[in-house]
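Let us take a friendly walk through a protein structure. Keep the sequence and the 3D view at hand as you read.

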Amino acid sequence: MNQETRGWAIAMSYEAKERLKNRLSQGEVTVNVAIDTKIYDSEELTIIADIKGATVPEERLVFSAHIQEPGANDNATGVGVALEIASVTATLIAENKWSPKRTLTFLWGDEMISTKRYVEDDKTRANNIKWGISLDMVGENTSITGGSFLIEKMPDPSAVWTRGKDKHTEWGGMKMSLEQMKPHYLNDFLIDIFKAQGKRANWTVNTNPFEGGSDHVPFLSANIPSVLFWHFTDQFYHTDNDRLDKVSKATLKNVGIASLVSAYTLLNSDEILAKKMILQIESAAIERLNEELKQSKIALDNGEDLKTQLAIIHAWEDWYVKAIATTSDMVKDISTIKNVIESSQKRIRDASQRIVAQINQ
Ligand SMILES: [Zn+2]
């Protein structure tokens, strides 16, 4: 290891990587690398497309798909799904079959840079971005590439205590702190829609705790609710073998349909949806609390400390109580759903209390 100079990396072909891996498994390897490179000024281009909302055009949902990665899955698939959603929407509007209340925006540009600029360039516009979704590696043929489809959730306590069914990907995640949590309805709302599509199409949908590294990050940094749709690990990712034969039409269709349904539902959300969603989030909360009870019992049997178990239950209770309250962003007048929010929050607190009592036994 050279202590004086900084580490370096090069892109190499899939074949070269495999050869190198094979040699490394037999012991130390010395590699001679001849690099031919060109550094030049280039223009950074971003395409922004708006489908303007009919009644609240200043409020919007943004899909970001980065264009700078040269692979088929990373990220021609994200670019393509966004384009398909845009053209389907244009057709539906032209045929008077659908009309969005809020604006649907598409960003095609450099990963993170374009989204960050879009968020920072115009504070008023940014304040009205209600949802940001990153489409990144969304078309994998899982049987060839590896990892299943994933929704990377907004920071929730599974990124602090990762246990049970929750699992980080090989990308890896840093253990988060409770101050970094972003309680919101978006996680469970999307998971339900994608799981329903999974059930219809016999397609596997999984989730992972927050890890970062894509266009959801600039949104979240600006406090805009955001998730990432992706696949990991794809064994061909960032290699010259990330080609069209690794892409599945069926996956693209599944991601496209579920993304479109999610976006349309959110864009036209109102008091009726908010009320429905409150109950949906509540049942996700109860399910989560029961699962954590199960995990805590296992942890206690393994000699882990009681204090941590109680902290975990409280963290989830707190996260969900706050997530329920975020449904108020769908209505003009909060008083129309205030009672529904409060009674739902009370049921979550009660459930949490019962679980705490069971853990304390
Ligand atoms: Zn990517």
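This is a predicted model: local features need pLDDT of at least 70, side-chain atom pairs count only at pLDDT 80 or more; totals for chains, interfaces and linings use all residues.

Residues are numbered from 1 along each chain as its sequence is written, and side-chain values use heavy atoms, with hydrogens and water left out.

**The whole chain**

The protein chain contains 11 helices and 7 strands; these are DSSP runs numbered from the N terminus (helices are H or I with at least four residues, strands are E with at least two). Along the principal axes, its C-alpha atoms fill a box of roughly 70 × 60 × 40 Å. The radius of gyration is 22 Å, which agrees with the value near 21 Å that a compact globule of 361 residues would have. That radius is taken over C-alpha atoms, and the globule rule is 2.2 Å times the number of residues to the power 0.38.

The domain assignment gives domain 1 (47–267) and domain 2 (271–360), with bounds that come from an automatic or database assignment. Their centres, taken over C-alpha atoms, are 25 Å apart.

How many residues of each domain are in contact with the other? There are 25 residues of domain 1 in contact with 25 residues of domain 2, where contact means heavy atoms within 4.5 Å. About 2000 Å² is buried between the two domains, and carbon and sulfur atoms give 60% of that area. In domain 1, Trp 161, Arg 163 and Tyr 185 lose the most area to domain 2, together 34% of what that side buries. Buried area is the accessible area (1.4 Å probe) that two parts lose on being put together, summed over both.

The rule finds 3 salt bridges across this interface, a salt bridge being a side-chain nitrogen of Lys or Arg within 4 Å of a carboxyl oxygen of Asp or Glu. Elsewhere in the list of pairs, Arg 288 forms a salt bridge with Asp 166, and their closest N and O atoms are 2.8 Å apart.

Strand S4 (129–135), helix H6 (186–201) and helix H8 (249–267) each give two or more residues to the side of domain 1 that touches domain 2. H6 provides the largest share of that side, 4 residues.

**Backbone details**

Most residues other than glycine have a negative phi, and most peptide bonds are trans.

| Cis peptide bond | Omega |
|---|---|
| Asp 74 to Asn 75 | about 5 degrees |
| Phe 232 to Thr 233 | near -10 degrees |

Asn 75 sits in the loop between strand S2 (56–66) and helix H2 (76–94), whereas Thr 233 lies in the loop between strand S7 (226–231) and H8. Asn 223, which is not a glycine, has a positive phi of about 65 degrees; this residue is in the loop between helix H7 (216–221) and S7.
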